Protein chains: 2
Amino acid sequence: MTVEHATNPAPRDPDTGVGVVISIDAMGGDRGPAVVVAGMAESAEKNPEIRFIVHGDESVLSGLIARRRSLAGRCDIRHAAGTVTMDDKPSQVLRKGEGTSMWSALESVKQGEAQVAVSCGNTGALMALSMMRLRKLPGVNRPAIACLWPSRNPQGFNIMLDVGADIRADAHDLLQYALMGASYARNGLGLERPRVGLLNVGTEEHKGRAELKQAHEMIEKAANGSFDYIGFVEGGDLPSARVDVIVTDGFTGNVALKTGEGTAKLVGDFLKDAFSNSIMSKFAAILAMTSLKRLQKRIDPRRVNGGIFLGLNGTVVKSHGSADATGVSAAIKLAFTLAQSGFQDRLAARVAQGTAAATAEGGA
Amino acid sequence: MTVEHATNPAPRDPDTGVGVVISIDAMGGDRGPAVVVAGMAESAEKNPEIRFIVHGDESVLSGLIARRRSLAGRCDIRHAAGTVTMDDKPSQVLRKGEGTSMWSALESVKQGEAQVAVSCGNTGALMALSMMRLRKLPGVNRPAIACLWPSRNPQGFNIMLDVGADIRADAHDLLQYALMGASYARNGLGLERPRVGLLNVGTEEHKGRAELKQAHEMIEKAANGSFDYIGFVEGGDLPSARVDVIVTDGFTGNVALKTGEGTAKLVGDFLKDAFSNSIMSKFAAILAMTSLKRLQKRIDPRRVNGGIFLGLNGTVVKSHGSADATGVSAAIKLAFTLAQSGFQDRLAARVAQGTAAATAEGGA
């Protein structure tokens with residue numbers, strides 16, 4: 001994945017010759033390229049090793065980048081005239097997407113110029129284009145989107161996948177999700193031996209769907225030292241400290257993700273109401289400001305910004321369409337961490353190895 | 001459903017001859033019969049019309065009831081020696097459940113002595129026994145469990161079903177859930193024209209499972225004046241003010257319910273941490289006490305205590321196993337509201353009528 005491309009050398013550090021290159025789709029988000037460039041600048045300040053290939057309207061991007069001192073000499077702009085909008089259907093984008101900033105951003109990963117691509121664009125279109133341009137990893141039938149979930153664990157987050165790449169998943173797909181999720185937890189969250197759970201409606205043996213029982217056995221067999229399989233977990237365990245990676249199909253995962261976000265927002269809004277209720281409570285809010293800001297930070301969706309596409313020949317980070325500079329910077333940080341750890345090669349190796357173990361006679 | 005049973009007259013008001021009779025399984029919860037009787041007493045104080053048939057160990061119950069003035073002359077105790085525990089498997093309970101307080105409580109509804117049964121017992125066992133003793137309502141293939149969800153709507157709650165009666169649901173089942181949920185919203189929440197939505201992963205036409213597309217068309221056809229069908233909704237809409245009744249299969253509904261509860265609890269715990277963070281924040285917490293209590297009340301799971309079994313020949317309210325007296329009282333209040341409105345007969349009529357409309361040529 002790090003082969004140099006002859007005509008477009010990656011913008012590595014001129015002194016050391018090394019660096020992590022992230023490919024950025026600068027045009028896709030709801031808030032436009034200025035916010036994306038601001039997020040890049042935040043990341044560049046914190047990580048001297050980071051370099052960017054930036055895809056989009058060159059006349060706009062060169063101006064925005066020139067105004068950020070931290071980005072000086074660290075960006076390679078690739079002009080792309082087209083933009084994939086939030087309303088474009090994946091099927092349209094597959095037919096007419098060439099020449100868009102999204103297509104171009106994936107191309108840099110495909111050509112080995114960049115290790116990871118980051119886009120704020122339309123999820124469906126980005127997944128469809130990623131599948132077409134990067135292709136599925138050998139042995140993976142359905143790629144997945146993994147998200148981070150605020151949790152009681154020391155690392156602050158749990159991982160859940162799939163949260164919407166595909167609405168179906170059979171037992172073999174769920175096994176792949178377990179292997180990919182465990183690899184992501186090791187490389188993205190730094191957990192040496194992540195604990196993996198399979199989402200179900202009850203922990204009793206007699207409950208659950210047939211494919212879940214089958215996946216349960218397959219994942220148990222595949223868990224040979226690189227991760228622990230803790231069995232079935234329930235919706236209430238998503239933020240729990242007894243699991244790090246939660247495996248489910250994309251339909252259930254997407255409903256759970258949006259339910260969790262919706263509930264957190266509801267409680268947050270009720271809290272605001274409570275504090276603007278009386279003069280006394282407004283005064284209390286001022287006194288508790290520091291503590292409330294700390295709380296806000298713990299459940300801030302911007303901190304967990306960055307769904308990851310797993311199971312392709314290349315890593316793609318999907319940032320929220322409405323992300324601000326802090327959100328974009330969080331997504332880039334995640335991309336940087338994964339690129340630095342050599343995640344893509346490790347993931348491919350784990351998938352190949354784990355699938356062999358789960359399907360071998362008598363286990364491994 | 002109000003036919004008198006010769007040997008066991010319902011304990012109606014001696015002056016007026018009328019009253020609402022609730023059948024109580026007093027033994028099933030985690031906290032034992034004392035908490036159940038305390039909840040009955042709370043309800044009895046608030047509702048002079050309420051009467052109880054109480055099932056369980058007579059020697060224990062008569063002592064507990066005698067100590068509550070509000071229950072004097074309003075309870076008919078039926079001795080049942082056995083108790084269904086939280087660990088009993090539904091299959092065991094079906095074989096050996098006769099003589100338990102749960103079985104006996106359902107029998108009072110079956111015999112028409114009581115309008116609604118309330119139990120804190122094991123959900124799986126209660127559903128299995130309810131199916132066997134009360135039987136399915138004509139036209140209903142899969143009964144459902146409906147729960148209340150804190151929301152931004154004026155009524156304070158939305159309804160979601162199924163949250164775990166069955167892990168599968170085809171298009172016809174989802175239609176039944178829509179009809180039953182709408183009837184529950186009218187009679188339980190007092191909404192004249194509830195808005196019904198179908199849970200999906202996206203609002204775009206090209207997304208979602210085949211059975212959801214089919215159910216979408218069937219529910220649209222059935223919505224003829226008694227409710228509005230607003231189409232697909234997502235996980236984030238569960239607490240929203242644009243929908244009153246959310247329809248989904250029992251697997252997805254159960255995951256969503258537990259995810260929502262888990263998230264609310266996580267945010268609540270983080271909030272407590274924030275307020276015990278410093279002397280300043282502790283002082284602020286004291287000042288904001290009234291407002292925080294108001295917030296707590298809005299998201300208090302005890303207020304939404306009471307899953308309802310719909311689609312049987314009789315209404316059963318399932319209270320949380322760990323409910324305290326306030327929780328039990330909330331479940332009884334819900335049972336009382338439904339009994340008073342003649343819910344069971346209305347539900348049966350709506351299901352028959354709505355199914356005919358959805359399957360009629362050219363709609364109705």
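The model is predicted, so to speak of local features pLDDT must be at least 70, side-chain atom pairs count only at pLDDT 80 or more, and totals for chains, interfaces and linings use all residues. Residues are numbered from 1 along each chain as its sequence is written, chains are lettered from A in the order in which they are written, and side-chain values use heavy atoms, without hydrogens and water.

- The contact (heavy atoms within 4.5 Å) takes 55 residues from chain B and 55 residues from chain A.
- Together the two chains bury about 4,900 Å², 70% of it on carbon and sulfur atoms (accessible area lost on being put together, 1.4 Å probe, summed over both).

**Links across the interface**
- Six salt bridges are found between chain B and chain A (a side-chain nitrogen of Lys or Arg within 4 Å of a carboxyl oxygen of Asp or Glu).
- In one salt bridge, the side chain of B:Lys258 meets that of A:Glu234 at 2.4 Å, N to O.
- H8(B) gives the largest share of the side of chain B that touches chain A, 21 residues (helices are DSSP runs of H or I, at least four residues, numbered from the N terminus).

Notes. Helices (H or I, at least four residues) and strands (E, at least two) are DSSP runs, numbered from the N terminus.
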